[in-house]
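Reader: Hi! Could you walk me through this structure? I'm new to reading these.
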Amino acid sequence: MVIATTGDADVLLPPVTTVTTGINVSDLIFCRLAELKAGLNTVDDSGYRPVLARSWTHPDSLTIVFHLDPRARWQDGVPVRAADVVYTFGVYRDTVVNSPLAPFLEPIGTVTALDTLTVAFHFTHWYPEQLYDATYQMRILPRHLLDTIPDARLASAPFGRAPVGDGPYRFVRWEAGSAITLAADSGWFLGRPGIGRLVWRVTPDLATAVSELLGGEADAMEVIPAPGQLARVEASRGVRLVAYPSPFYAGIVFNQRRPLLASRDLRRALAMGLDRATIVRSVFGRYADVAVGATSPMQWIYSDSIRQLPYDTAAAARALDRMGWRAAAPGAVRRRNGAPLRFTLLVPTSSQVRQRAAVIAQDEWRRLGVDVRIEPLEFTVMERRTARGDFDAAFESRTIDPSPASLLQWWSPGSAGNIGAYDDPAFQTLTAAAMRQPTRAGAAPLWRRALEQLNADAPAVFLFSPRNEAAFSDRVDDVTIRPDSWLATVTTWRLRPGDAARGR
Amino acid sequence: MSPWRVAGRRFVRNRAAVAGAALVALLVLVAAVGPLCTGDPLAQPDPVRLQDRPPSGAHWLGTDPYSRDVLSRTVSAARVSLGIGVGAALLAVTLGTAVGLAAGVAGRRTDQLLMRGVDVAMALPRIFFLLAVFAVWEQAPPVAVALLIALTGWFQTSRIVRAEVLSLREADFVAAARALGVPEGRIARRHLLPHLAGPIIVSASLDVGNIILLEAGLSYLGLGIRPPTPTWGNMIMDGKDVLFSAPWVALAPGLALILTVVAFNLAGDGLRDALDPKARA
Amino acid sequence: MLGYVARRLGFAVVSIAAVVVLTFLLVHLAPGEPMLGSADRRMVSPEVLARQRALFGLDRPLPVQFVRYAANLARGELGESFVLHRPVAAVIREALPNTLLLGAAALLLAVGLGLAVGVLQAARRHSLTDTLLGGATLALYSMPVFWLGLLLLLVFGEGLHWLPIGGMTDPAVHDLLPPLGRALDVARHLVLPAATLGLVQAAAFARFQRSALLESLGAEFVRAARARGLPERRVLLRHALRTALAPTLTLTGLSVPYFLAGSVLVESIFGWPGLGRVAYDAIFARDYNVIVATALIAGVLVALGNLLADVAVALADPRVRLDR
């Protein structure tokens, strides 16, 4: 199966790889201890299925003990052992390797091998998602192949360009800038993968990549981001779109350090003054949902019925009047004590959709009497400004993972992701309580109230969550997509025997 | 009859050249007054309902994904593209002539110094330099774009001019002027410069086309003049994504671009044929 | 002659050094930072970013960084790519041959087609053929290379399905093919990008050839040959072409910057894994070491091209060799 992708991988080593293609490929070469099931329930043990670990127990509130599957083998024949897990933890946490995932492993104090197939994780405190942190972030590395390489040189070692793993697929070849080929490991201990070969074909230009897909030179694409290209695929035969929730949501974040935007009432009025449904429809058509809050349909805390601020320009206008912001004439900029109601919105030039949405939002706010200036900035420049807190409002896109703890990453005071300096005790209390619930059923209502609190406080206007549309040729059957990782279930997919000349 | 009259006659007799010149004049006219007759190129009257509309009575060339009128933008872009093209060409030619002339009339050491500088500068890969500068300089104004393109493109002109000056220096009329005691500077200005005018004009007019294409390439990559200010290059970039659903968005600026470059090339060819007595086609 | 070439080479070296210094200063002084955290992933914490910067020595003062870089360069070390976590030399080693292949194919097309068309036009001057060809070359010469690329892709790739749409090889089958098959696979993928890059330059060559040929056809010795009763074609091919050789070499040498610029655009559109794309990606990701290295390579290529042009001019006009 040929996968069309617009970016080449950087390096195929899980602790270090940061580019999407690199992650997709290395995810199939290296395994986790356990995987999330389709429902992405991160809290309950029942939400996981065994992979490298055949089973696990919780002997006390601070420990998880994993029993490794004795059938698991590295692709050079050596069995997967507890020492590999210990080694892997060391690599991920080593500051010299500087893995971006290291901060997420902080609650894990130590990892020790109890015997060759048993490994114990000791946590610093109890919380319901211990199993998530123990399994989701790390992919186990082969100690016997890597421990002779000093950690500082791991990223640039040749292993990263020709990795040996324990997953359903084996590395075959990597033509830099061109293609990466993997072959199925027919002896994989959890069953032979359905598709014999996977080839990632790198085409930087999106339109050309879609052309390859439509022309039969590629069979699949993870996501087609541009509405114009989506229309092309829809109009064609032989290629179908499969929608799945994306791990993104985007919103206009207000900087509460600025006196103007520190006012909760003002922010609420701004949020109520935007017709989010229309914005989403005109920029994306059908390919995105209005964000119900700081979440996307991928997470289990998501619900259609979360309470949000209504779209009510009359109420917004009234609220602004009450605050003293008056317009001299309908459609004019509101003023209070002579000062105009004005702020600047930063938008990254890398995102066409955010630029378009910003323009529409600006237009709607202008009708409400709010003067918004749009400042397009290059991505890294914008990042620096928001990190410094040097902005009024910023059109941000957030990436989340299946765990609701990502809410804390972006909205907790003191967290680097909380660029707008949002700080509300009610939100703190709710999230802290949610983090103490041992089951999903118990935690769900608390998370829901936390999301509703966020909506009510309006630290941002949550605008949209794009729907990822993957494209597949008719040759690919039995496709299921786990939203956080589109190839997670690829071993169950099938390829219909097609063109014999393609040699698959 | 003065050589200029002769050249003029030759030019007028060349139909292609006349067509080119007429087209250039038309384009300049459109660029100058066109934006006054068409709508606002930045206006987004209805970003929701008017995106990607095909050509109609209200919008002769349709609208783009931001609901902007394609005709207004294409005409507006003419100002930017022509302005940068002509401006940068003039600047580059002036710089090249100045340096070439100086090198040609100066003493050996100055000449060596200048020409070595030119050689070093010529090795600079222009596109990398421009890419790097404009990748970083986001809000570069058109003047800056023209300036940088000119600053990286005058070297060939200086070599040509220097070569011409060197060969002219040995000519009889120059020797005569020198014998009469005319100062070097005056010789350069009054006697050499008119003879250089021919190659310079030809070089400049053919340069315009290349510069317009270079600027279009830069803005197609998302560098240089960025949206919302329209240039033909960034309009094609905008239209690339909707090439199949709304082809007019990329087609209009693309055709305008090609037409403009063709016009300048035709006129430039005509000028070269008219001014250069050797090329008797 | 040898002395002349040696002198020119000397200048070339100075030029390349200047290119390296300028580029280094440019990228390091520019605002923005290397994309050490990827936009794809979830947010990378500032501590991780700070550590990355320190690991690459980016937190040291600029002169220190430059001295380190220059010292490494003298040893032949081009540094490491921040984004790809591998030596820059390896990246270049993989990408450069692909660009050279593309450039060579495009050049061959440009010179071959350009010469042929130019000769044909000169032979049939002022006829309908001449006018039509002249119109075609003018249109091609005035077309932006990205426009031509999109057009060719649409027509031959998508419309007619005659040629593959992108990439350098067909990844699904390439390694299963015998060597000849593999060469053919690359050749098939080479057609469209090389055509895009080469056609515009072919038009330039054709235009130049036509006028150069017509000019030399008016020269004395040619008239004399005609007077001797030699057939027109022979006159054209033997005498006129010979005088056009040196200027063709000059044009070729001077077209290197054009091919470099075009390769950035063409490689992007067709997904050709060459140096142009590496440079483009590096510039946007602020991958400093890769940027400087590609500028260096580009500088070398341009300098070589200029050298070729100068040598050709010197061959034709001996006065130039005295460099005065």
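Author: Happy to; we'll start with chain B and then turn to one strand of chain A. Keep in mind that this is a predicted model.

Reader: How much of chain B is buried?
Author: Chain B has 281 residues, and 49% of them count as buried. As for its contacts with a separation of 6 or more, 71% are between residues 24 or more positions apart.

Reader: OK, switching to chain A. Why is strand β21 described as largely enclosed?
Author: Strand β21 of chain A covers residues 460-473, and twelve of its 14 residues are buried, so the rest of the structure largely encloses it.

Reader: Which way does β12 run against β21 in chain A, parallel or antiparallel?
Author: Antiparallel: seven bridges join β12 (residues 239-245) of chain A to β21(A). In that strand, A:A470 sits opposite A:V242.

Reader: What about β13 of chain A, how many bridges there?
Author: Four bridges link β13 (residues 248-254) of chain A to β21(A), again running antiparallel. Here A:V253 faces A:A460 in β21(A).

Reader: And which residue is the bridge partner of A:V290?
Author: That's A:F464, in β21(A). Strand β14 (residues 288-290) of chain A is joined to β21(A) by three bridges, in the antiparallel sense.

Reader: Where do the side chains point in a regular strand?
Author: They alternate between the two faces of the sheet.

Conventions: Residues are numbered from 1 along each chain as its sequence is written. Chains are lettered from A and ligands numbered from 1 in the order in which they are written. This is a predicted model: local features need pLDDT of at least 70, side-chain atom pairs count only at pLDDT 80 or more; totals for chains, interfaces and linings use all residues. A residue is buried if 20 or more other C-beta atoms lie within 10 Å of its own, exposed if 12 or fewer, and partly exposed in between; C-beta atoms are placed from the backbone. Two residues are in contact if their C-beta atoms, placed from the backbone, lie within 7 Å. Helices (H or I, at least four residues) and strands (E, at least two) are DSSP runs, numbered from the N terminus. Two strands pair if DSSP finds at least two bridges between them.
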